[in-house]
Amino acid sequence: MQCFSFIKNIMVFFNTLIFLCGAALLAVGIWVSVDGPSFVKIFGPMSSSAMQFINVGYFLIAAGVVLFVLGFLGCYGAKSENKCALMTFFFILLLIFVAEIAAAVVALVYTTMAEEFLKMVVVPAIKKDYGSQKDFTQVWNSTMEGLKCCGFNNYTDFEDSPYFKENQLFPPYCCINNINRTAEEPCTMYEAQKNPVQGCFQQLLHDIRTNAVTVGGVAFGIGALELAAMIVSMYLYCHLK
C-alpha cells in the first residue's frame, strides 16, 4: 500500500510538471504565432525571419497541446484513481513511442530516398524563390549561416534563381574563407568553384553523425522516460479496484 501511494504521488508530481510545461509551451507558441515581431524585439534577433518564428510557433503549439493533455490525464488519473484517464494516458504515450520508433527506422533506412524526394522539391523552390521571396530567402540565409553550408546540394542550386539573375553572384555563404570560416563577398562563379561548400542536407547529416552519441543518448533517455511512464500508469491501473 505504501509503495502504491509513493508511485501515485510521484506520478502526480511529474505529470503536474508536464502539465505546466505544456501550458507554458502552448502560451509561448500562441504568442510567437500571433505576434512574432514583438517576440524578436524582446529576445533579440535569434532568427532573421518572421516566418521562421511562425513555424516555430506552430511547433510549440502542437508540442504544448500534447504535453498539456498528457500531463492532465496522468495527473488526474493518478490523483482521482480514474482508470479511464490512466488507460488513455497509456495509449497516447504508446502511440507516441511507436511513432518515434517508426520515424527512427524510416530515417535510417530511407535516408537516400528522402534526399532524392527533398531534392525534387527544394531545388526548384530555390531556383524560383531565392532572391524574390523575402521570407524564403531569409530562412535559407539563416540556415546556410548556421550550418556553414550552401544550398541543398551546392552553389549550382542558385543558378537561374532571381538572386543570381539580378546580381550575377551566388550567396556569400557559398564562398567560405578556409582560414577563418567566414562568408566572403562577392561570391563569383570562380570563387564558388575554387572552394566548393558542402550542401546543407549533407552538412546536416554530417552534424548528426558527428553528434550521434549525444543524439542517441537523448533519444534513449526520452524513450526510457516514456517507457517508465507507461509502466507506472499500467501499474496504477492494475492496482485500482
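The model is predicted: local features need pLDDT of at least 70, side-chain atom pairs count only at pLDDT 80 or more, and totals for chains, interfaces and linings use all residues. Residues are numbered from 1 along each chain as its sequence is written, and side-chain values use heavy atoms, with hydrogens and water left out.

**Salt bridges**

- Side chains of opposite charge can pair when their charged atoms come close.
- The whole structure holds three salt bridges (a side-chain nitrogen of Lys or Arg within 4 Å of a carboxyl oxygen of Asp or Glu).
- Glu81 pairs with Lys8, with 3.1 Å between the closest N and O atoms.
- Glu81 sits in the loop between α3 and α4 and Lys8 in helix α1, so this bridge ties together parts 73 residues apart in sequence. Helices are DSSP runs (H or I, at least four residues), numbered from the N terminus.
- Lys8 counts as buried, at 17% relative accessibility.
- Asp129 and Lys128 form a salt bridge at 3.3 Å, N to O.
- Asp129 is buried, with a relative accessible area of 15%, whereas Lys128 is exposed at 60%.
- Lys194 and Glu191 form a salt bridge at 3.6 Å, N to O.
- Both Lys194 and Glu191 lie in helix α8 (residues 189–194), three residues apart, about one turn of the helix.
- Lys194 is partly exposed at 44% relative accessibility; Glu191 is partly exposed too, at 22%.

**Second largest pocket**

- The second largest pocket holds about 650 Å³ of space.
- It is lined by 23 residues; Ile18, Leu93, Leu225, Glu226 and Ala229 are the closest to its centre.
- A pocket is an open set of points on a 1 Å grid over the protein atoms alone, where a 1.4 Å probe fits, with protein on both sides within 12 Å along at least five of seven lines; lining residues have an atom within 4 Å of a point.
- Grid points are joined across faces, edges and corners, and the volume is the space filled by probe spheres set on the points.
- Elements giving two or more residues to this lining are α1 (2–34), α3 (50–80), α4 (83–109) and α10 (212–239).
- Helix α1 gives the most to the lining, with nine residues.
- By class, the lining has 20 nonpolar residues, one polar and two charged. Nonpolar covers Ala, Val, Leu, Ile, Met, Phe, Trp, Tyr, Cys and Pro; charged covers Asp, Glu, Lys and Arg; the others, Gly among them, are polar.

Conventions: Buried < 20%, exposed > 50% of the residue type's maximum accessible area, 1.4 Å probe, protein only.
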